[in-house]
Amino acid sequence: MTGSRQAVCRDEGLPVAAIARDGRLTFPTTQDFDRAWELGIFYLKVPAHLDLESARQFGSELLALDSPYHSIQQYGALEGFIALKNNQQTKVALRRQHWDQHYPAEISEFGRQLDRIGIAILREVFSQSGIPEPLWDDASGGYSSGEGTAFLNFVHYDTRNPDLGLHPHTDYGFVTILDATTPGLQVEVNGRFEDVPVLPGHFVINFGEALHFITAHSERAVGAVVHRVLSQQSADPIRQSIVYFANPDLDGRLWQYDAKGDVKGSSSVQDFFAILEKNLTQYR
Ligand SMILES: [Fe+2]
């Protein structure tokens with residue numbers, strides 16, 4: 001497959017999925033489906049009922065220096081107004097349990113609509129994996145039935161920091177839903193970074209490490225794709241994005257099953273994420 005993967009983003013374009021009327025993730029052809037699963041990244045048509053414009057508007061209001069969200073309450077290291085030192089990304093990040101308290105009602109509702117998309121994608125991954133359905137909930141730390149952890153983050157890139165927009169990494173969780181209106185995202189395919197062009201009216205979906213872990217012994221494993229964001233310059237349009245992370249319960253466990261339903265391994269989520277963090281630090 002290596003030859004056909006070489007220029008998959010540039011020449012062939014990423015596969016494009018949609019959420020069907022029955023709520024399932026669908027691709028136009030089996031080949032598109034296979035490529036999406038092989039690459040770990042694809043486009044998803046934004047469902048018609050989603051009020052993406054309002055969410056984008058909310059994100060753009062956070063750029064104002066006097067935005068009250070710049071002094072939003074911190075919850076640990078992962079939630080609040082976060083400006084990371086080692087890249088240009090600056091964000092307001094909140095877990096689902098804090099959306100109603102801090103986000104306007106329509107933004108919380110937007111997040112819950114993304115929950116449904118995340119669940120649809122996860123359930124399709126499980127369905128393909130052959131892991132018996134009664135085990136999906138345990139395997140995913142509750143996410144597949146609406147629990148687990150979800151982050152809804154509004155991001156922009158601070159060009160006063162001359163670093164990469166975002167250093168190469170894989171996402172830790174299950175599924176990431178990204179809305180970005182300007183270029184900069186790249187994915188690694190066979191050791192080479194390729195642009196992921198903005199496709200209007202579509203999210204970019206990628207799989208994360210926790211999903212790779214769960215499906216590793218199943219009939220159809222999925223991989224976590226390495227990606228980065230190029231350094232943004234002050235002359236560029238301000239790069240803003242909305243990012244939704246579907247994650248396991250951070251205090252829970254992940255289970256690996258084969259298609260017979262036998263347990264092949266498990267890890268606490270904290271240990272699993274700690275190992276990823278250590279590897280990422282070494283990578284840098
Ligand atoms: Fe990422």
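Strand E5 (residues 89–95) and strand E6 (residues 149–157) run antiparallel and are joined by seven bridges; two strands count as paired if DSSP finds at least two bridges between them. Strands (E, at least two residues) and helices (H or I, at least four) are DSSP runs, numbered from the N terminus. The model is a predicted one, in which local features need pLDDT of at least 70 and side-chain atom pairs count only at pLDDT 80 or more, while totals for chains, interfaces and linings use all residues. Residues are numbered from 1 along each chain as its sequence is written.

- Strand E5 is largely enclosed by the rest of the structure, because five of its seven residues are buried; a buried residue has 20 or more other C-beta atoms within 10 Å of its own, an exposed one has 12 or fewer, and a partly exposed one lies in between, with C-beta atoms placed from the backbone.
- Strand E4 (residues 80–83) pairs with E5 in the antiparallel sense over four bridges, and Phe 81 has Val 92 in E5 as its bridge partner.
- Five residues separate E4 and E5, which form a hairpin.

**Strand E8, with E11 and E13**
- Five of the six residues of strand E8 (residues 175–180) are buried, and the strand is mostly covered.
- E8 pairs antiparallel with strand E11 (residues 202–207) over four bridges, and it is joined to strand E13 (residues 240–247), also antiparallel, by six bridges.
- Thr 176 stands opposite Asn 206 in E11, and its bridge partner in E13 is Phe 245.
- Ile 242 lies in strand E13 and counts as buried because it has 24 C-beta neighbours inside 10 Å.
- The C-alpha atoms of Ile 242 and Ile 177 are 8.1 Å apart in space, although the two residues are 65 apart in sequence.
- Leaving aside residues up to four places away in sequence, Ile 242 touches Ala 55, Arg 56, Gly 59, Phe 154 and Asp 179; contact requires C-beta atoms, placed from the backbone, within 7 Å.

**The four-stranded open sheet**
- Four strands, in the order E7-E12-E9-E10, form an open sheet with antiparallel pairing.
- Strand E7 (166–169) and strand E10 (192–195) are at the edges with a single partner strand each, so one side of each is left without a neighbour in the sheet.
- Strand E9 (residues 185–189) is joined to strand E12 (residues 227–229) by three bridges, and Val 187 has His 227 in E12 as its bridge partner.

**The largest nonpolar core**
- This core has 65 residues, of which Leu 122, Val 175, Ile 205 and Tyr 244 touch the most other members; a nonpolar core is a set of buried Ala, Val, Leu, Ile, Met, Phe, Trp, Tyr and Cys residues joined through C-beta atoms within 7 Å.
- Helix H6 (residues 105–129) supplies the largest share of the core, ten residues.
- The contacts of Val 175, not counting residues up to four places away in sequence, include Leu 122, Ile 205 and Ala 246.

- Ala 221 is in the loop between helix H8 (209–215) and E12, and is partly exposed, with 17 other C-beta atoms within 10 Å.
- The C-alpha atoms of Ala 221 and Glu 38 are separated by 9.0 Å, the residues being 183 apart along the chain.

Technical notes
Contact = placed C-beta atoms within 7 Å.
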